[in-house]
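Try each task yourself before you read its solution.

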Amino acid sequence: MKKDVMLFCPNANEVEINSEEALRYMGVRGKNRDEILCGELEEVKVRVLKAVCYRACYTKLDVKSVADDKIIIGPFCVSSRSLARNLCGCSEAYMFAATVGSDVDRLIARLSVSSAARGLMADALCSAAIEGFCDLLNARLAEGLSTRARFSPGYGDMSLEYQKDFISVLDAGKNIGLALTQSLMLTPTKSVTALIGIQNEK
Amino acid sequence: MGIREKIKEKRLYFDGGMGTLLIEKGLMPGELPETWNITRPNDIISIHMDYIRSGADIITANTFGANSLKFSDPEEIITAAICNAKKAVAAFDCEKYVAYDVGPLGRLLKPLGDLDFEDAVSVFARGMVAAQKAGADLILIETMNDAYETKAAVLAAKENTSLPVFVTNAYDASGKLMTGATPEAMVALHEGLRVDALGINCSLGPEQMLPVVKELIEYSSIPVIVNPNAGLPKEENGRTVYDVDANRFSDVMVRIADMGACILGGCCGTTPEYIRMTVRKTKDIPFRLPQPKNDTLVSSYTHAVAIGQKPVIIGERINPTGKPKFKDALRQNDIDYILREGIAEEEHGAHILDVNVGLPEIDEVSMMTRVVTALQSITSLPLQIDTVDPEALEKALRLYNGKALINSVNGKEESLEAVLPLAAKYGGVLIALTLDEKGVPETAEGRLAIAEKIVKRAEKYGISKKNIIADPLAMTVSANPQSANVTLEAIKLIKSKLGIGVSLGVSNISFGLPQRDFLNAAFFTMALSYGLDCAIINPLSTEMMKSYHTFLALTAQDKMCEEYIDFASNVVSESKFTKSQVVGKNDADFSDLTKSIKKGLCDAAQRDAEKLLETLDGLDVINGYIVPALDEVGKGFENKTVFLPQLLMSAEAAKTAFSVIQGKMQNRSETGKGKIVLATVKGDIHDIGKNIVKVLLENYGFDVIDLGKDVPPMTVVEAVKKSSAALVGLSALMTTTVHAMEETIALLRKDCPGVKVVVGGAVLTQEYADMIGADFYSKDAMQTVRYAEMFYGSNKRDKDN
């Protein structure tokens with residue numbers, strides 16, 4: 001049975017962009033923060049906040065374990081030991097695709113032209129933005145449920161090829177403007193697809 | 001009667017959704033609906049017949065995703081689909097039309113994605129040719145949520161078939177396409193490309209569509225199509241149902257018909273019942289064609305700019321004339337330099353960017369293509385294509401994601417014949433220079449006459465006068481004291497007699513005179529008060545922007561003087577800022593260049609370098625201050641006390657100091673330490689890491705030939721051969737693109753033996769690097785610098801020995 005795909009498109013101010021997380025993505029370690037760096041990061045963040053456009057779509061799918069390295073998720077079958085382990089004990093899972101939109105890709109390119117440092121900061125902040133967005137969506141979906149950690153194609157031994165199934169099951173092109181390149185990258189680049197296993201009630 | 005005529009006579013109806021009905025008939029999840037054209041034709045024909053019975057005039061063939069990216073033999077499916085639709089129509093004795101249905105390809109076009117524009121055109125063309133051959137009556141391009149892909153599809157239809165073209169886009173709840181275009185921008189694009197009808201479908205229910213429908217009708221001069229979803233999907237007893245029923249749907253369609261939409265139908269979730277009720281309730285509403293609109297619109301992939309209302313500023317800085325640095329950038333393929341000019345213009349208030357990259361010694365066609373493409377990936381301002389080369393013009397107009405300004409056509413036969421057909425095919429607003437074979441007329445009347453001639457000739461190509469802007473040519477007052485008067489008179493005359501917009505390249509007025517900004521600014525104000533609609537100026541000139549903002553404030557075109565206040569306070573704060581900095585500098589706190597670079601302060605580094613150059617030679621500043629600072633930061637990075645963003649900020653501060661020194665040392669340009677070709681490999685569109693490596697290498701004195709992202713192996717080989725670089729750096733982010741890296745290395749080994757390859761990127765490891773035959777694996781940007789230093793250092797020693 002084909003199930004509904006629902007949309008979730010929060011406003012920019014509903015999603016937290018964690019600057020600490022962005023610093024971590026850029027490899028900044030330790031507690032002492034360089035004031036100049038942090039000041040510049042906050043300036044870039046203002047631009048990022050104007051460029052983000054949060055869009056996600058999701059659906060709930062039946063999950064059926066076939067073997068310890070094979071699992072049926074809705075209409076398609078995945079060969080992956082890691083995913084089978086992740087979803088063990090789940091008979092349903094949420095599948096979602098989320099993006100912060102194509103404007104941020106343009107912003108990163110634009111800032112990189114005049115300053116590689118600012119380009120790097122925008123890139124890291126946008127990564128933090130998509131993470132924050134996924135966390136928000138995850139929290140909403142998991143409300144009142146016992147759920148597993150998010151699992152995306154490319155994790156463990158799950159092939160990136162499955163991105164195609166995610167895109168088609170979610171109709172993510174139409175719903176949120178998500179597409180795959182021939183090398184199986186998601187475009188816009190700051191996008192995520194994932195499964196969230198729903199643990200069976202005991 | 002053909003459908004082109006029919007849509008001018010009466011309201012027509014599209015059919016409704018197909019997907020939901022196919023699921024009811026047993027289409028399995030994951031099964032491609034288009035295959036049913038062949039496997040279950042009778043089910044498809046029966047759905048078409050139900051729609052015809054419900055009153056639909058246009059039957060959409062079941063071909064939404066039937067393209068060569070999804071099917072190995074799309075022609076077979078398309079032919080069967082059109083044939084099914086025609087069979088359904090043949091069963092009735094009335095005039096119905098069969099539409100070949102074209103949906104998005106499911107890939108994002110470059111530069112945001114990896115699908116080439118021309119490849120997209122070819123994929124669309126293949127299906128369209130088959131559809132015409134199979135007997136389709138029209139092409140319906142629908143559910144497109146990206147302006148660029150829409151343009152590729154429309155061009156494919158126009159170039160390969162003679163069929164009428166209808167286009168509907170999918171707008172979201174914010175009233176824009178997924179990639180940002182407003183309805184106004186889409187109207188400009190579609191009318192420029194001369195589609196037969198345009199509109200909206202999918203994504204939204206009829207009520208949510210109302211604001212977009214209103215805008216489309218407000219701007220469009222051609223019939224508007226409205227095909228909404230049956231609201232939003234929800235789940236009920238395990239089935240997908242839509243939340244707007246046929247009754248409510250058709251009630252809203254009545255409002256939409258009243259607003260002036262000419263063609264109505266449905267999309268996802270709608271059934272023959274929805275169409276039947278819509279037809280019944282709207283068929284007696286009087287039909288009216290849209291009023292022709294007279295707005296002069298240019299557009300980008302996000303928005304339209306109207307010319308003829310508030311004066312428009314066209315930035316003139318992307319132009320090599322009289323700019324040695326810009327010329328150098330063109331010769332050296334330094335696209336980033338050009339992009340920075342564009343960004344600066346936008347930040348200073350330009351509404352449109354003029355793009356002129358003509359230089360006798362470069363290939364203008366390819367440079368124009370690259371610059372237009374690159375600009376569109378970093379700015380959303382509309383572009384003005386400025387070239388005298390018809391081939392460069394055509395290529396740019398083709399690849400431009402919107403409706404461009406065309407600079408220019410003039411009264412010469414040769415120009416009219418070259419430019420008008422291109423404007424007719426691709427759309428665009430023409431800047432018409434009032435000169436012809438006899439030169440520039442000395443009188444305003446003479447210039448009006450040429451403008452009239454151009455307007456008449458353009459009409460023959462179907463180009464309406466709203467898409468022509470006259471440029472009555474500003475000529476320097478140093479040669480003829482009357483020239484400003486004549487130009488101003490011509491502005492008035494052309495506007496009153498011909499009723500078209502007027503533009504000027506303002507700065508020409510002062511050619512050959514000192515302090516040109518003084519004259520330019522005064523003339524600009526005068527021209528504005530004569531009714532100038534747009535001006536090609538330097539938006540970085542404070543004098544010019546002063547004229548502009550004061551004029552707007554004084555002529556009630558700046559609500560509450562908000563823009564003026566904003567502008568004025570920025571000008572003031574800029575001068576205050578400089579002052580306080582100067583004071584700080586004199587205050588014993590004489591910061592030194594080394595410190596500024598280590599902290600990553602560009603402005604301070606610039607001032608410090610300038611100060612040092614008052615007493616020291618450039619080379620002393622480099623060796624005594626910049627190099628030690630960079631070394632310290634580089635070592636800090638390696639010892640993990642300095643992190644990547646700080647390393648880059650320091651690199652940029654150093655770069656600023658370098659450029660100050662270079663300015664002083666002109667003609668003493670040092671030869672670099674060595675050449676390095678950099679590329680992100682084919683299939684990979686992430687280039688942030690590669691850009692970081694580039695900045696650092698440049699900082700350390702290497703000449704970097706940056707090939708960008710998604711670079712085919714052959715391009716790398718060609719660049720190595722052309723530059724005779726001995727070192728190549730390749731970057732890949734994904735496991736899926738490491739293979740492309742391997743191919744690139746293999747081709748380099750074959751065609752450029754001896755060249756060394758350093759690789760890096762998120763997924764790479766020493767193991768991977770060894771496996772694909774790289775010479776060096778670099779775990780971060782600094783390691784690449786060290787490798788390059790070692791490589792060229794030892795190379796040099798070898799030569800010296």
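Predicted model: local features only at pLDDT ≥ 70, side-chain atom pairs only at ≥ 80, totals over all residues.

Residues are numbered from 1 along each chain as its sequence is written, chains are lettered from A and ligands numbered from 1 in the order in which they are written, and side-chain values use heavy atoms, with hydrogens and water left out.

**Exercise 1. Find out how confident the predictor is about chain A.**

Step one: pLDDT is the predictor's confidence in each residue, from 0 to 100. Step two: chain A averages 93, and 98% of its residues reach 70 or more.

**Exercise 2. Describe how much area chain B and chain A bury between them.**

Start with contact, which means heavy atoms within 4.5 Å. By that rule, 52 residues of chain B touch 49 residues of chain A. Next comes buried area, the accessible area (1.4 Å probe) that two parts lose on being put together, summed over both. Here that's about 4,300 Å², with 63% of it on carbon and sulfur atoms. On the chain B side, L112(B), M178(B) and I688(B) lose the most area to chain A, together 14% of what that side buries.

**Exercise 3. Work out which residue of chain A forms a salt bridge with D172(B).**

Across the interface of chain B and chain A, the rule finds 3 of them. The partner of D172(B) is R55(A), and their closest N and O atoms are 2.2 Å apart.

**Exercise 4. Are K110(B) and D710(B) buried, partly exposed or exposed?**

First, see how they meet: their side chains form a salt bridge, 3.9 Å from N to O. The pair links distant parts of the chain, 600 residues apart. K110(B) sits in the loop between strand 3 (97-102) and helix 6 (117-134) of chain B, and D710(B) in the loop between strand 22 (703-706) and helix 27 (713-723) of chain B. (Helices, H or I with at least four residues, and strands, E with at least two, are DSSP runs numbered from the N terminus.)

Now apply the cut-offs: buried means under 20% relative accessible area, exposed over 50%, and partly exposed in between (1.4 Å probe, protein chains only). K110(B) has 29%, so K110(B) is partly exposed. D710(B) has 11%, so D710(B) is buried.

How values were computed. Salt bridge = Lys/Arg side-chain N within 4 Å of Asp/Glu carboxyl O.
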